[in-house]
Each structure stands twice: as C-alpha cells, then as structure tokens.
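Thanks, everyone, for making the time this morning.

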Amino acid sequence: MLPVNEPNLAYLPGSPERIDLKARLSSMAAERIDIPLIIGGHEIRTGDLAQTVMPHDHRHVLADWHRGKATHVAQAIAAAQKAQAEWSAATQEQRAAVFLKAADLLATTWRPTLNSATMLGQSKTVFQAEIDAASELIDFWRFNPAFAHELQGEQPISTVSASNRMDYRPLEGVVYAVTPFNFTSIAGNLPTAPALMGNTVVWKPAASSILSSYYVMRILEEAGLPPGVINFVPGDPVEISNPLLGSPDLAGVHFTGSTQVFQGMWSKVGSNIGRYKTYPRLVGETGGKDFILAHPSAAVQELSVAIARGGFEFQGQKCSAASRVYIPRSIWNEVRDRVVAMMRDMRMGDVSDFRTFMGAVIDDKAFMRISSYLDDARRHATIVQGGTASDERGYFVEPTLVETTDPQYRLMREEVFGPVVTVFVYADEQWDETLRLVDGTSPYALTGAVFARDRAAVDQATAVLRNAAGNFYVNDKPTGAVVGQQPFGGARGSGTNDKAGSKINLLRWVSARTIKETFSPPVDYTYGYMVEE
Ligand code: NAD
C-alpha cells in the first residue's frame with residue numbers, strides 16, 4: 001500500500017511549529033558551523049575553505065565548508081566500493097528501513113533544522129521551505145521504498161517444471177549524484193534513490209546549498225545509513241566530476257541542474273565510453289522554459305494568481321516556474337492589471353520575517369545573469385512592472401512582468417531562472433497558431449499549463465502540446481508537483497524524463513538478472529521428431 005503524503009504544516013501565529021521554527025532560525029543565524037567532507041563515515045577537513053552566506057544578507061556567514069580535491073574523490077570511490085558488498089546484499093526491507101527512519105526524523109525532530117537551513121541558506125520563505133525540505137523529502141523517503149517494494153513483486157511467469165525470477169541487482173560500480181541548489185528535497189533524493197536500490201554513491205552537493213545538504217547527510221547518518229553508502233564530497237564541480245566521470249567503476253550519474261552542464265557530463269561519458277566496466281546509466285533532469293497558455297475562455301482571476309505564484313514564488317528559481325505566458329488580446333488588460341496589483345503587494349526581503357512572499361536570488365552569478373536579462377528587456381521589450389535589482393544587502397530582484405510583441409524574443413525562449421515573466425499577447429482568433437507557437441518556441445519541454453473553461457480547447461491543447469511538457473497542468477499553475485501524485489520530469493532539452501520519485505526512476509538504478517531453475521533437466525539430448533518413421 002502506498003503511504004500518504006506528508007501534510008504541510010501551516011505555521012500560523014501562535015502554532016507550536018511556528019514557535020519551534022522561529023527558535024531554530026534564531027539559533028542558526030547566530031552560529032557559524034564548520035562543514036567537513038564525509039567519506040566512509042569519517043569527517044575530513046581539507047582546510048581549503050569556502051563560505052555559505054544568506055542570499056538575502058550576503059555578509060552574514062552561516063558556515064565554512066571544506067572543499068574536496070581529486071584525492072578525496074578517489075577515497076570516496078574506494079569507500080563506496082568497500083561499502084557495496086554488504087549494502088547490496090541487504091534485503092530491500094532492511095535498506096528501506098533506513099530511509100523510512102530518516103523520513104520520521106525529518107517529520108519530527110529535524111524538521112525545524114532542515115527548514116531553517118533551507119530558508120537561511122537558499123532564501124526560501126517558510127512555506128517554500130516546508131513544501132520542499134520537509135514534505136517533499138519526507139515523501140521521497142516514504143514513497144520510494146513503497147515503489148521499490150512493488151518492483152520486487154514484479155516477477156516473471158513460472159511453470160510446473162521451472163521457476164523463474166528476477167533479481168533486481170544494484171548496478172556494478174559507483175553512482176555519482178550531482179545536485180542543484182534549488183530544492184533540498186532533490187538534493188536528498190538524488191543520492192538516496194540509487195542507495196535504496198542497493199547502490200553506493202558519491203554525492204557532490206551544489207556550492208550554494210551546502211548547509212541544507214550537510215544536514216540531510218546528518219539525518220541519514222542518524223537514521224543508521226552505514227558508512228560509505230553515501231559519501232559527501234563538496235568542491236569545485238569540474239575537479240570533483242572529472243575523476244568520477246573517468247573512473248572505470250562509474251555505474252551511473254544521477255543529476256539535476258542546468259541543461260548545459262548535463263550535456264557536458266554526457267559528452268565526457270561518451271568520450272570515455274571504452275573505459276567503463278558497464279554502460280553508465282545517465283539520468284538528468286534539467287532546465288525548463290515553462291509556459292502558461294490562456295484561452296479566451298480562461299477564468300481571469302485564477303489565471304492571474306497562477307502567473308503570480310507560478311512565476312514569482314521562490315524568486316522564479318524553480319525548474320517548473322512559469323516564464324512565458326500567452327494571453328488572448330480580449331482578456332490581457334484585465335489579467336495585466338490584476339497581476340500587477342499582486343506584484344505591487346508582494347513583500348520581498350528577509351525570509352525570517354514571515355510576511356515575506358519572496359527572498360533573494362541565490363548568488364551574485366544568478367543576480368548578474370538575471371540583471372542582464374532585465375537590461376535586454378528594457379532595450380527590446382516593454383517592462384510592465386518591476387525591472388529593478390539591487391545587491392547591496394542581498395541579491396534582490398524585483399518581480400518583473402515583461403511584454404513582447406515578438407514571440408521568438410529571447411525571453412520567450414531562454415531559461416532566465418529568476419522572477420521574470422514574459423507575456424506575448426495573441427489575437428483571439430489565432431488560437432490554433434498559438435498552440436503550434438507554444439510547442440515550437442523553446443528547446444525545453446518540462447512543465448506547461450493551459451487555462452480554459454472551454455472543454456474542447458482543453459482537449460485540443462492537451463493533444464497539440466503532448467510533447468511540449470512532461471508535466472502538463474489544466475487550470476493550475478505549472479509548479480508544485482507532489483511525489484506520488486504528479487511524477488516529475490520533462491523531455492526534449494529538459495532531461496531524460498525518468499520521473500523523480502517514481503518506479504520509473506528506481507528502475508534506472510537496477511540491472512535485473514533473470515534466474516531460471518529447471519526442476520527435472522533433460523537426460524537425453526535427442527528430440528522425439530528425430531525417431532525414424
Ligand atoms: P547547475 O547546472 O549550475 O548546477 C547543478 C549541479 O551541477 C551543481 O552541483 C553544480 O556544482 C554542478 N556543476 C556545475 N558545473 C559543473 C560541471 N562543469 N561539471 C559537473 N558538475 C557541474 O544548476 P543549478 O543552478 O544548481 O540549478 C538550476 C538548474 O537546475 C536550472 O537549469 C533548473 O531548471 C534545473 N533544475 C531542473 C529540475 C528538473 O527536475 N528538471 C529541478 C531543479 C532544477
């Protein structure tokens with residue numbers, strides 16, 4: 001039986017969860033911790049230090065973390081190989097117990113800590129942290145064991161004379177998990193999904209979310225994960241990745257991040273293909289240029305809220321964030337005015353103040369990239385609302401609505417990964433052409449939404465946009481997928497679409513062996529037809 005999704009706590013004034021979280025936010029802001037590498041269960045301090053800061057107050061250092069080098073990667077591969085024999089021989093239930101316990105720890109004692117680390121280190125509001133670092137990660141750790149159990153039950157047919165079975169073996173070698181900054185839950189899922197299936201892992205977290213990643217590792221240790229099953233190796237991405245991608249023992253890559261980085265890793269694996277003992281599994285969920293398409297029959301208020309939430313929550317830094325919007329001329333003025341009113345009302349600032357709707361973008365690199373898109377919009381399009389940015393205290397970018405008359409404008413095609421929504425207004429009678437435009441404009445195909453009250457329009461969009469999104473929403477914003485309810489992932493430039501938190505994903509981390517046992521093997525090599533007439 002499948003588990004139920006972890007309910008999101010509400011954090012209403014006076015609630016116990018709010019009191020606990022506020023206390024942990026204060027204590028975490030007052031400390032400066034030291035984050036080591038964790039290899040084979042040992043903490044390693046290299047002395048080559050980098051800092052984790054609050055994006056919304058970038059002079060405030062939360063932690064110093066030690067950077068790993070190629071030698072540590074070699075140690076991590078060796079530790080993973082050493083741990084493999086025992087871990088892969090454990091039963092599915094024994095391994096599952098570790099992650100179920102981790103889910104329980106996160107749902108209870110660790111919840112305020114992982115939420116605080118995600119709020120302070122990644123600048124998420126309380127709600128954005130809760131749905132990610134608490135609920136989604138708890139769900140990954142509870143649903144994956146249930147899916148793995150189902151998978152074990154999928155067995156071939158046996159006959160009266162022979163028994164057949166599938167042995168869902170882990171991959172032979174080491175899995176390399178490379179995680180993005182934007183979801184603590186993804187950081188927790190990428191190393192643990194292969195580990196659940198019996199693999200051992202080297203995990204390179206993103207530099208800008210080391211704090212929450214480190215606490216994920218601590219939760220797993222407390223839950224009883226044996227040393228060496230997951231090895232935590234932060235460091236320069238190229239310096240850490242090269243020895244792994246060049247190792248003959250690489251069995252798989254579990255990646256989430258940008259399309260360009262994944263393509264680079266795939267190329268390296270391709271050029272090393274003669275070296276490996278097995279064909280490495282490459283699983284990568286990557287960028288998006290997610291759309292909202294409104295039909296003239298769309299409900300205006302619902303559409304406006306979907307643009308505001310889908311485009312600007314977590315500062316537009318979700319792979320699923322709405323960033324190109326197609327609106328018919330007949331409803332544009334009304335939608336624009338409502339969205340602009342919401343944007344003016346949005347509070348941006350320190351996420352420890354629970355009245356905020358938006359924090360800062362993750363770092364100076366993101367700030368510069370988004371600012372350059374804003375400059376471009378000022379020159380080549382119309383900024384309807386927002387458009388300013390300041391990195392004086394934190395990396396703050398105002399929620400921005402851009403209108404373009406060119407449906408092929410860069411901001412309709414490229415992933416901005418910031419709080420910038422670009423709108424193309426189409427003539428109502430050009431619905432059919434607009435559907436084809438949405439399908440053909442960007443190289444990505446991650447998420448998308450259609451808003452319409454007209455059922456025929458919904459059906460038509462669902463059919464024409466079949467390959468335009470791996471997660472397609474009808475009358476809902478394109479963000480907020482829930483484990484077990486909307487398995488997540490996109491195709492085209494958006495990834496291998498192995499649907500994180502589903503059986504499809506777990507299948508990538510096993511290499512099945514078919515075993516046939518014959519009860520009464522033949523004792524004569526000849527066949528009946530060979531007898532002379
Ligand atoms: P990123 O590609 O910059 O980094 C992702 C990871 O790759 C990090 O751990 C980083 O250190 C590492 N990395 C960077 N350069 C590398 C290199 N040359 N070799 C090996 N590893 C390298 O992405 P990000 O900024 O952390 O995350 C944002 C991106 O992730 C966006 O493009 C977003 O759409 C995507 N994303 C996709 C999904 C999805 O499910 N499709 C989910 C979340 C994020």
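When I say that residues meet or are in contact, I mean heavy atoms within 4.5 Å. Helices (H or I, at least four residues) are DSSP runs numbered from the N terminus. What you see is a predicted model, in which local features need pLDDT of at least 70 and side-chain atom pairs count only at pLDDT 80 or more, while totals for chains, interfaces and linings use all residues. Residues are numbered from 1 along each chain as its sequence is written, and side-chain values use heavy atoms, with hydrogens and water left out.

Let me begin with helix H14 (residues 431–441), where Trp431, Asp432, Leu435 and Asp439 meet Ala457, Gln460, Ala461 and Val464 in H15. By class, that contact has 5 nonpolar, 1 polar and 2 charged residues, where Ala, Val, Leu, Ile, Met, Phe, Trp, Tyr, Cys and Pro count as nonpolar, Asp, Glu, Lys and Arg as charged, and the others, Gly among them, as polar. H14 and helix H15 (residues 455–464) pack at an angle of about 35 degrees, with their axes 10 Å apart; axes are lines fitted to C-alpha atoms, for helices over the stretch in contact, and angles run from 0 to 180 degrees between N-to-C directions.

The other pair is H3 and helix H7 (residues 210–222), which pack at an angle of about 120 degrees with their axes 8 Å apart. That makes H3 oblique to H7, since angles under 35 degrees count as roughly parallel, over 145 as roughly antiparallel, 65 to 115 as roughly perpendicular and the rest as oblique. On the H3 side, Phe99, Lys101, Ala102, Leu105 and Leu106 meet Ile219, Leu220 and Glu222 in H7, and the residues of this contact divide into 6 nonpolar, no polar and 2 charged.

Helix H2 (70–89) and H3 each supply at least two residues of its lining, and H2 gives the most, with 5 residues. The lining has 7 nonpolar, 4 polar and 3 charged residues.
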